[in-house]
Amino acid sequence: MSQLMPQKFVAGGSSLPRHVAIIMDGNGRWAKSRKLPRVAGHREGVKAVRRVVEACSAKGIGALTLFAFSSENWRRPRTEVGLLMDLFVSTLQREVNSLHRNGVRLQFIGDREAFNPKLQALMDSAEQLTGENPGLVLSIAANYGGRWDITRATRRLAAQVAAGRLDAAEITPERLAAELSLAHLPEPDLFIRTGGEQRVSNFLLWQLAYSELYFTDTLWPDFDQGSLEQALESFAGRQRRFGRTGEQVEQVKGA
Ligand code: FPP
């Protein structure tokens with residue numbers, strides 16, 4: 001673990017995840033079942049985001065990473081993409097001060113250059129305003145893809161090699177991991193996907209290598225504190241072995 005890792009992550013107990021990552025799926029189906037436009041599902045999804053951020057903060061979970069917009073989501077109908085962008089802008093305008101007051105550190109991962117200048121400016125100023133906050137690290141993945149992340153890290157290392165500052169033989173998993181978007185955080189202990197699909201969908205491909213995976217049929221707008229508790233209970237009941245045997249893990253715990 002990096003020397004720069006804040007104490008709250010180092011001290012985390014094993015039954016509570018230090019970092020939770022969520023694919024928030026099912027907004028469209030939630031809206032469709034109510035004969036509402038898809039964007040109504042996304043709006044309701046923002047309420048679920050607020051609930052989960054509050055619950056994670058209250059529990060002392062160190063980091064929460066949410067997949068808000070994937071690099072593939074540009075393929076959706078133009079009107080839906082436009083409405084989602086408007087929703088991101090209005091949500092940031094409305095929520096950032098309250099996140100700041102609550103000590104949340106907000107950051108964005110992904111290629112933000114594709115977003116309009118107004119949204120980019122809001123992202124930058126939210127990061128600046130909340131950058132020193134001591135509480136929950138809330139990462140919003142926007143125009144993010146796991147393959148993009150790994151490719152970008154590789155390109156950075158290749159540039160160092162080309163400049164003669166790094167020997168190719170010195171490239172290790174740790175060096176590559178240090179160039180990834182969430183390098184300053186522990187990898188997610190718990191990955192949650194709502195909406196019934198059981199896929200990772202190009203989310204944090206590298207960082208999910210040892211995460212516990214939790215899938216639920218609950219649609220994202222219906223996800224509430226009770227749903228989060230169920231996921232946390234499931235996590236607490238699992239034995240994380242990281243390649244060791246169950247007996248070895250029990251011995252370490254008992255030591
Ligand atoms: C997936 O549901 C949801 C999205 C692609 C958008 C998620 C965005 C939000 C919840 C808003 C969050 C906003 C901020 C600022 C964090 P879907 O549309 O794929 O649902 P479906 O599978 O039922 O069609």
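Which residues does I192 touch, not counting residues up to four places away in sequence? The legends below refer to a predicted model.

**View 1. I192 in the largest nonpolar core.** I192 touches V20, A21, I22, I23, Y214, F223, L228 and A231, with residues up to four places away in sequence left out of the list. The largest nonpolar core has 41 residues. Five of them touch the most other members: I22, L64, L106, L138 and I192. Helix α4, residues 78-101, gives the most to this core, with eight residues. In soluble globular proteins, nonpolar side chains tend to be buried together.

View 2. Helix α5 spans residues 117-130, 14 residues in total. From first C-alpha to last, α5 reaches 20 Å, close to the 20 Å expected at 1.5 Å a residue. L119, Q120, L122, M123, A126 and T130 are buried. These residues lie on the same side of α5, because they cover an arc of only 160° around the axis. An α-helix has 3.6 residues a turn, so residues three or four places apart point the same way. On the other side of α5, P117, K118 and Q128 are exposed. The buried residues of α5 pack against α4, β3 (105-109) and β4 (137-144).

**View 3. The N-terminal cap of α5.** Which residue caps the N-terminal end of α5? N116 does: one of its side-chain oxygens lies 3.1 Å from the backbone nitrogen of K118. K118 itself is exposed.

View 4. The ligand is surrounded by 17 residues. D25, G28, R29, R38 and R76 are the closest.

View 5. H184 sits in the loop between α7 (173-177) and β5 (190-193). Is H184 buried, exposed or partly exposed? H184 counts as partly exposed, because its relative accessibility is 31%. The side chains of H184 and Q107 are joined by a polar contact of 3.1 Å. V81 is 103 residues from H184 in sequence. In space, H184 and V81 are 30 Å apart, C-alpha to C-alpha.

**View 6. N202, a buried loop residue.** N202 lies in the loop between β5 and β6 (212-215). Its relative accessibility is 17%, so N202 counts as buried. The side chain of N202 makes a polar contact of 3.3 Å with the side chain of E72. N202 touches F67, S71, E72, Y144, G145, G146 and R147, not counting residues up to four places away in sequence. Most residues other than glycine have a negative phi. N202 is not a glycine, yet has a positive phi of about 60°.

**View 7. K35, an exposed loop residue.** K35 is found in the loop between α2 (27-33) and α3 (38-59). K35 has a relative accessible area of 79%, so it is exposed. Its phi is positive, about 55°, although K35 is not a glycine.

Terms used. Residues numbered from 1 in each chain as written. Predicted model: local features only at pLDDT ≥ 70, side-chain atom pairs only at ≥ 80, totals over all residues. Heavy atoms only, no water. Core = buried A, V, L, I, M, F, W, Y, C linked by side-chain atoms within 4.5 Å. Buried < 20%, exposed > 50% of the residue type's maximum accessible area, 1.4 Å probe, protein only. Helix = DSSP H or I, 4+ residues; strand = E, 2+ residues; numbered from the N terminus. Contact = heavy atoms within 4.5 Å. Polar contact = N/O pair within 3.5 Å; in protein donor to acceptor, adjacent residues only side chain to side chain. Expected span 1.5 Å × (residues − 1). Arc of directions from axis to C-beta. Near = heavy atom within 4 Å.
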